[in-house]
Amino acid sequence: MYQNILRVGRCVRPYSSRPLIGLKFQSFNEIKEYIFKDNCCTNEYLSQSEQAKDHCLPVASRETVLKLLKLSGLPSKGADIEGIQETLNKQISFINILHDTDLDDSLDVKETRLLRRKSPPLSYQDLIAKINDGQNSDSNGSWDSTSRATMSKNGYFIIREEILNGTD
Amino acid sequence: MWVFRRFNHTHFPQISEFRLLPQYKLKCGLEIHTQLDTRNKLFSMSTNDPFHSANNPNLHTSFFDIALPGTQPLLNYEAVLFATKLAIALNCRVNLDSQFDRKHYFYGDQPLGYQITQHFSPFASQGHLPLYRDIDGIAEINKNIHVAQLQIEQDTGKSLYKKSEQITLIDLNRSGVPLIEMVTEPDFQDLGQIRAFIKKYQNLVRHLKISTGDLETGAIRVDVNLSINDHARVELKNLPNTSSILNAIKYEYLRQVRIIEDGMANKLLSQPETRGWTGSSTVKLRGKETTIDYRYMPDMELPRIKLASDVVETVRKTMPPSPDKVLNTLISEPYRLSLKDAKILCLNSNGQGEMYNHEELQQFYLDTFHSYAYRVKEGIRANNLSKLPTNWIIHELLGDLNKLELPLSKITKVLKPKIFADFLMLIHNNEISGASGKLLLFHVLKTLKETNCDACASIDFDSLIDEFDIRTINQIDDGELEEICQGIIESIKNEKLINDIASGKKKNSIKFLVGQGMKLSQGRIKAQDFEKSFKKVLDVKW
């Protein structure tokens, strides 16, 4: 339980009224190190579930997988159905573990956030200060967003029709 | 049975001559999305200006707006302040502890894969907006439209479909623009109430300065929920302007009445459905079988919006009086304006290409009125006090400003309310006639335009009156005036007209003669003097 709290604690971020952008990565290795660093240790949960009794979970049917793909807006043509069935099973096992995890009943579920909990209510002065604080920022955050896209046209992002097919 | 039903069919009016049929009760509710005019977007520092940046796609997009992995939302509290103002103006109960939730659906212009909205604990609820026959033009004396809830949420981007190229272009300038979704109870029973509510709501958000309130630009978007005789509700979408909203309701009402009359209601009106408006008909977009499961969940990356109890009261104190209150003040003592004129001082236009906004016009009117009233003092009956300020500001001045394309805010740097009151006193004291006054005012405004409203310039009405020689001749010899009138009568060479005026057959045509006299005297002789003299010359008995 204590370990779980620590893990979650590492994911909590401070919340301010100014945007925060971290320092620039200096090398590819730094990026790799950052991305592969386990914070929430979901892999740990997944591997735990593999060892557990959940092996006997029924496998989602082909039809269910196709339905889920449609619901998620993903193409079903050429999809690795068996691979998805396996991944789904792992995910369901993971959810089962979450369900079985002991909860601290003293915590207010309303406050469940990846942020500092129980923030005090804002007075009128606080509210105005937060608005002014936000507006004093020099940066408006805009950038040439399509420059990094694989496909773009006259400043627009592009979505190919085949991705939209089968979605609502 | 079929024959019997057809035989008993109601006569259906065309949309152009639409009327509600008493045996089919219409019940409507509205869902209105309003873009908030905050400086930045709801969860990022990007500039919030989707309308003006329409030609520069993806200009205002920060990392979060395009949902770059690793970016997180940062709440813009200006949207919270704006939502509080609207909630107060709509007499809502503000939820001091609301939260954001994720509404999941997949679409190209929704890069996050979910919309951040308020589902479980919205910002405000239980409000109402009253409509009145006098002010809003509804059929009933008054009608309360109840507001179920207000929620703060983010707008999506825009999709441009290029069918031939099999691609969709995506512009995310609008992605993350703050919206308030307002849901009313199904209180509307006729089209007049819906039209009045939309107009009043539009004016309200402009009055509060929280939105441009334009339907044309999509700053306000209205969906309609409609049912007839308590059959299942149909939601109407894609309604870009007021006429689309009203025409879609008319079409849908008649469509459903036909279904009921054909005995098909159990089959076709038993389940809710969503329909779109094509411009001439409604078409089914979604039924129950394709209802989306949005998988709502609290957004764990955003704090709850917790407000202390002082916020509502303090915000209320900073707000201007409601448009209804201002209207009532203007139609009461001492102003006694007609409702039509009062509305000109209170209603906000869309602000595009206008020469004034209602606030500066209202202030200019009130300041001029008080300055004029102070000088007139006892010299006029109270119910006539607003006659000159109203005629000369609302009708004459605004007309001239539009003609000259001159903004009110510019001319008031020189033509201050006190100076305009000086001008009104010239007319009040008969120093110049109304006709000369019109010419003089236009000349002054034209000069202001030519000098770019130089704040150092001053306006000397007296010198101008002398320069143009337009001072009213107050003491004119009766004989001399009758001679002028006689000359006019002879010059128009229309014996029949003159006889008809003299006999009383065409009483109003005497105004034509007076007009000729005014023209000849360049407005220096009063119209009343001319009328009196013409009557004497023509020996009028009526």
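In the predicted model, three strands of chain B form an open sheet in the order 5-4-15, and their pairing is antiparallel. The edges of this sheet are strand 5 (114-117) and strand 15 (297-298) of chain B, each of which pairs on one side only. Strand 4 of chain B, which spans residues 101-104, is joined to strand 15 of chain B by two bridges, and these two strands run antiparallel. Within this pairing, B:Arg102 of chain B has B:Met297, in strand 15, as its bridge partner. In general, the strands of a sheet pair through backbone hydrogen bonds, in either a parallel or an antiparallel manner.

Strand pairing is also found between the two chains, where strand 2 of chain A (residues 156-160) is joined to strand 9 of chain B by four bridges, the two strands running antiparallel. In this pairing, A:Phe157 has B:Ile170, in strand 9 of chain B, as its bridge partner.

The contact between the chains takes 37 residues from chain A and 43 residues from chain B. On the side of chain B that touches chain A, the elements that give two or more residues are helix 2 (77-89), strand 9 (167-171) and helix 7 (310-318) of chain B. Of these, strand 9 of chain B gives the most, with five residues, and this strand is also the one joined by bridges to strand 2 of chain A. When the residues are sorted by class, the side of chain B that touches chain A has 22 nonpolar, 15 polar and six charged residues.

Key. Residues numbered from 1 in each chain as written. Chains lettered and ligands numbered in written order. Predicted model: local features only at pLDDT ≥ 70, side-chain atom pairs only at ≥ 80, totals over all residues. Contact = placed C-beta atoms within 7 Å. Nonpolar A, V, L, I, M, F, W, Y, C, P; charged D, E, K, R; others polar. Pairing = 2+ DSSP bridges.
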